[in-house]
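Open the model in your viewer and keep the selection panel at hand. The stops below say what to select and what is there.

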Amino acid sequence: MVEIFAPKQALEAASAMRCGHLRRLALVLPTTPPAQEGDVEGWTLIDCNGHSGVSKATEVLRRVGEQDVDWIIVRTDQLYQPTEATVLIQLRDRSLFLSPVEFILNDKYGYPLVIWTAAGLVTLPPESPFKDIGLQLVQHLQDCSLLGASWLERDHQALRTPEHRGKARNRQLRFLRSSVANAYRDAPTSPLAFPLLDRITGIEASQVDESSR
Amino acid sequence: MSLLMRLAVALASPIKRIDRRSTVIERLLQLPLTPNDVHAVRQYGKGIRLGVYYHWYLEKFFVARSVRGVHRRKATALIDALDATDYGDIRQVVESATGVLIAIPHHAHYVLSMTALAARLGKFRKVHVFYGQPATHRNNAVFDRLHQVLFDHPESGVEVIHDNRQGLAKAIKGLKRGEIVLIMPDAFQDEDATMMVPFCGRLMNAMLGTAVLARKTGSWILPVVSTKKAGFGFITSFGTRIDHPIRQHPTLTPEQARIADYGVIRRVFAQFEDRMANELHYWQNVRGHLSFGPTAELPALADLPALLDAVSRSALFNPPGLVLDLR
């Protein structure tokens, strides 16, 4: 059985870098139970929930712009919602959405990215090619599944697929059409329903099919 | 057989007092529940004990076992023994000048209600029992078996049709000739083809097919619900006739027709809700219906423009900020 490089070891190794030559760093870690994670004191955490002590990506990026954040942990596995994951990655066999936050930290603000994988830490220097960042983040998410039940965000990863978003859009459109039909169900000939239905058709026509790009 | 069943079900009554999960019972009943399912069963209305749900599945299990492998006379006798329905209300169906769609949900002993109804009505005019083919709806195999036993002779006046193109064509033709179609509007194959209707505190996906058939054939709809008789057995409960508004508006555009169809389906489900709301655990779809999301309503007309604005601006409908081709 192949031994997995534990996220706790990753945090310890990255924390050691703080005492070394690096002035700032963004560490990409999976979401695991706190007991398995280690001491995150002194790190600024980014996740989707804005928990106490944890900030949303937009908030951190604003603070990074003001230069008061040096050590950041990014929970890439938590950033899967359409508002958070806006970078479409096309692989040979599938596509998925990633958050742009790692790309921005690395490219715009010059943070080295230190990414946990099952085989160890992968370090990407500032201004790395986007393709390298994308590939390593995909590898990171793929390796997260090797953590089994310890990976707390395992069940949410389907939400970053174009197929899931396509279904969510269809559901939203059905909800809108049902809402109009419901509002005019006692007056089906009312001309007032048409502009609303036309708008829904317009929204539907504007949607992009990411899976067929 | 009926007596034995009654006895077995009565002897199992103490199960109703259980309110803890039992993997043994679930295995015996082939009813593997998820935590979401358990939550759904317990939360509805004032909540029911899990044991009541187990007991209901036990009763269904006994009924399914009893009808398996019996011959026509015995099956008819069994259904008659369990049936406590007052059939006075079917007079309007028998005497109808047009075709009639009898809409029945997957509630309580719906198989027995449909079968008993079809057998009675088939004596007066041709009846088509319309349901998903067992190849795609595994649970419907029991229909096929039962109908083969009961109706596989021309005098029965009952024919099974499945939800495919041929079945639909037969239903339309039959309704136009003034025949009867028994249909289950709470089932669908393709979620994208459904509309959402409020039902028992949630939104549910429903096909408009029953309303479309009524509109295209000039038929009317009779909502019917199978309910459980206290103790053991079933009562088929008849609702109120629903006429499609196409009669008042003979020239509707496709969009207007869809809105009118939707209104008809809402009325059908409103009648179902009246009968089912207090005993929703007898509904086959109860776990799926209640296990997801909080109570949801459709928005009021005044809120629709703002909702459309919000949706059109939402991230879900925005193109990706960046596309990286890593193929």
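Helices (H or I, at least four residues) and strands (E, at least two) are DSSP runs here, numbered from the N terminus. This is a predicted model: local features need pLDDT of at least 70, side-chain atom pairs count only at pLDDT 80 or more, and totals for chains, interfaces and linings use all residues. Residues are numbered from 1 along each chain as its sequence is written, while chains are lettered from A and ligands numbered from 1 in the order in which they are written.

**Stop one: chain A**

Select chain A. It holds six helices and eight strands. Walk from the N terminus and the order is α-β-β-β-α-β-β-β-α-β-β-α-α-α. The C-alpha trace of chain A spans about 75 × 45 × 35 Å along its principal axes.

Now color by domain; the bounds come from an automatic or database domain assignment. Domain 1 of chain A covers 7-160 and domain 2 covers 162-212. Their C-alpha centres lie 36 Å apart. How many residues of domain 1 of chain A are in contact with domain 2 of chain A? Five, and they meet five residues of domain 2. Contact means that the C-beta atoms, placed from the backbone, lie within 7 Å. The domain 1 side of this contact has four nonpolar, one polar and no charged residues. In these classes Ala, Val, Leu, Ile, Met, Phe, Trp, Tyr, Cys and Pro are nonpolar, Asp, Glu, Lys and Arg are charged, and the others, Gly among them, are polar.

**Stop two: where chain A touches chain B**

Show both chains. The contact takes 45 residues from chain A and 34 residues from chain B. On the chain A side, the elements that give two or more residues are S5 (87-90), H4 (130-144), H5 (162-183) and H6 (193-206). Which of them gives the most? Select H5(A): it gives 15 residues. The chain A side divides into 22 nonpolar, 12 polar and 11 charged residues.

**Stop three: a sheet across the two chains**

Select S5(A) and S10(B), residues 322-325. Four bridges join these strands, which run parallel. Two strands pair if DSSP finds at least two bridges between them. Zoom in on Val87(A): it stands opposite Leu322(B).

The open sheet of three strands has the order S6(A)-S5(A)-S10(B), with mixed pairing. S6 (95-98) of chain A and S10 of chain B are the edge strands, each pairing on one side only. Neighbouring strands are turned by 25° against each other on average, direction ignored. Axes are lines fitted to C-alpha atoms, for helices over the stretch in contact, and angles run from 0 to 180 degrees between N-to-C directions.

**Stop four: two helices of chain B**

Select H5(B), residues 72-82, and H8(B), residues 141-151. They pack at an angle of about 110°, with their axes 8 Å apart. That angle makes H5(B) roughly perpendicular to H8(B), a term for 65 to 115 degrees (under 35 is roughly parallel, over 145 roughly antiparallel, the rest oblique).

Show side chains. Arg72(B), Ala75(B) and Thr76(B) in H5(B) meet Leu146(B), Val149(B) and Leu150(B) in H8(B). By class, this contact has four nonpolar, one polar and one charged residues.

Notes:
Two residues are in contact if their C-beta atoms, placed from the backbone, lie within 7 Å.
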